[in-house]
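Please keep the structure in view while reading.

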Amino acid sequence: MVLTPRQLFLRHQAQTSDFPLLLEIERAEGIYMYGPDGRRYLDLISGIGVSNVGHRHPRVLAGIQAQLDKYLHLMVYGELVQAVPAQLAEAIHQTLPAHLDSVFFTNSGTEAIEGALKLAKRHTGRTELISCLNAYHGSTHGALSITGSEDFKNSFRPLLPDVRHIRHNDFADLALITERTAAVVIETVQGEAGVRVPSLYYLPALRRRCREVGALLILDEIQCGYGRTGTMWAFEQFGIEPDILVCAKGMGGGMPIGAFISSTEIMSGFKTNPILGHCTTFGGHPVSCAAALATLQVMQDEKLAEGVAAKAARFRAQLRHPAIRAVRGCGLLMAVEFDSFAVLKPIIDHALAHEGVLTDWFLFCDNSLRLAPPLIIKDEEIDEACAALLRAIAHITGR
């Protein structure tokens, strides 16, 4: 008997919950995904902030194919000169403040966080790490240690020692950052907390406090970076610069890649005491880097970040309903708030099953609907998505 992909998925692929979505996808293009029966689904979450240039962008595919015709993996990270990773590192540097000139490629966002934590401890000689309550930084042990939810952490203790949490956007808690602190790790815009945008004064105050005590500032832009908030990097909107920047998700055009970025001076700490202070076998994989370089070029050539504000405003103008309590956001990273998960979950289910629209909620804010569509979404597709969501809300709430 030949098992179907669904049967194989349930029988042999490790599961992350007792209720997987079980939506079977055969192909994807642009902002749409297609099932084996040809049914079309409008993707409003971009694989959780990954497909910023849409699914299978032609230039990304061309970059991948060009690299496939040359070579795949050759050697562990940082030993051989490979053109595409080097070109990608330079292209990323050109989007950043001058001091952020050293890029360390990883396979994912959580791996980039791990590298950033090690780098901060190595550079400062300190051990204390500070992050925010309701922050999400990944699932590996170090990243989980600084994640700000006890529900996600308790089953895996002991985790990293000397971790402290502060309240996001709370000025009083900045006093908890001291000469013991190696680094403060913060999402420039909190994602899984339900898109929490700090005040214009908070991040500059945090930046000043870190400088006062000699702590490094690590900005996690895994979800909010790469044009999603309307600028290439979200920190540009707050008048600050990090000591270490972390990115992933949207940078690969659908391929797995992440990076942590710092100054050559700080990054040089990994070269001695010990040698290979941080290393990876597959980080900076040439095919992923080729996809990422093409993605960056598409974003720049098509000026995708520049169109984000108008597209976000179009969503906001249409998403009006008595059941909607608030719409929060920074660019095309948005949260549509309802009274409770009990109200929201049926809306999400109905939108998928009957409207062909894929949405989601947030790990630490389960009464809010996630909106993070590909940045290439067109006005008429925004109108289509909003009409479908409003029909789903009306059907479930009876209003």
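A residue counts as buried when its relative accessible area is under 20%, as exposed when that area is over 50%, and as partly exposed in between. In this predicted model, 53% of the 399 residues of the chain count as buried.

**Overall build**
- The chain holds 13 helices and 15 strands. Its radius of gyration is 21 Å, close to the 21 Å that the globule rule gives for 399 residues, so the chain is as compact as a globular protein of that length.
- Among contacts with a separation of 6 or more, 72% are between residues 24 or more positions apart.

**Surface and charge**
- The accessible surface comes to about 17400 Å², and carbon and sulfur atoms account for 55% of it.
- The chain carries 37 positive and 42 negative charges, whose mean positions are 2 Å apart.

**Aromatic pairs**
- The whole structure contains 9 aromatic pairs. In one of them, the ring centres of Phe152 and Phe364 are 5.4 Å apart and the planes stand at 85 degrees, so the pair is edge-to-face.
- This pair links distant parts of the chain, since Phe152 is in helix α7 and Phe364 is in the loop between β14 and β15, 212 residues apart.
- Phe152 is partly exposed at 33% relative accessibility, whereas Phe364, at 16%, is buried.
- Phe341 and Trp361 also form an edge-to-face pair, because their planes are at 75 degrees, with ring centres 5.0 Å apart.
- One aromatic cluster is formed by Tyr77, Phe104, Phe260 and Phe270.

Conventions
Residues numbered from 1 in each chain as written. Predicted model: local features only at pLDDT ≥ 70, side-chain atom pairs only at ≥ 80, totals over all residues. Heavy atoms only, no water. Helix = DSSP H or I, 4+ residues; strand = E, 2+ residues; numbered from the N terminus. Rg over C-alpha atoms; globule rule 2.2 N^0.38 Å. Buried < 20%, exposed > 50% of the residue type's maximum accessible area, 1.4 Å probe, protein only. Contact = heavy atoms within 4.5 Å. Areas by Shrake-Rupley, 256 points an atom, 1.4 Å probe, with all protein chains shown as cover. Lys, Arg positive; Asp, Glu negative; His and termini not counted. Charge placed at Lys NZ, Arg CZ, Asp CG, Glu CD. Phe/Tyr/Trp six-rings, centres within 6.5 Å; stacked < 30°, edge-to-face > 60°.
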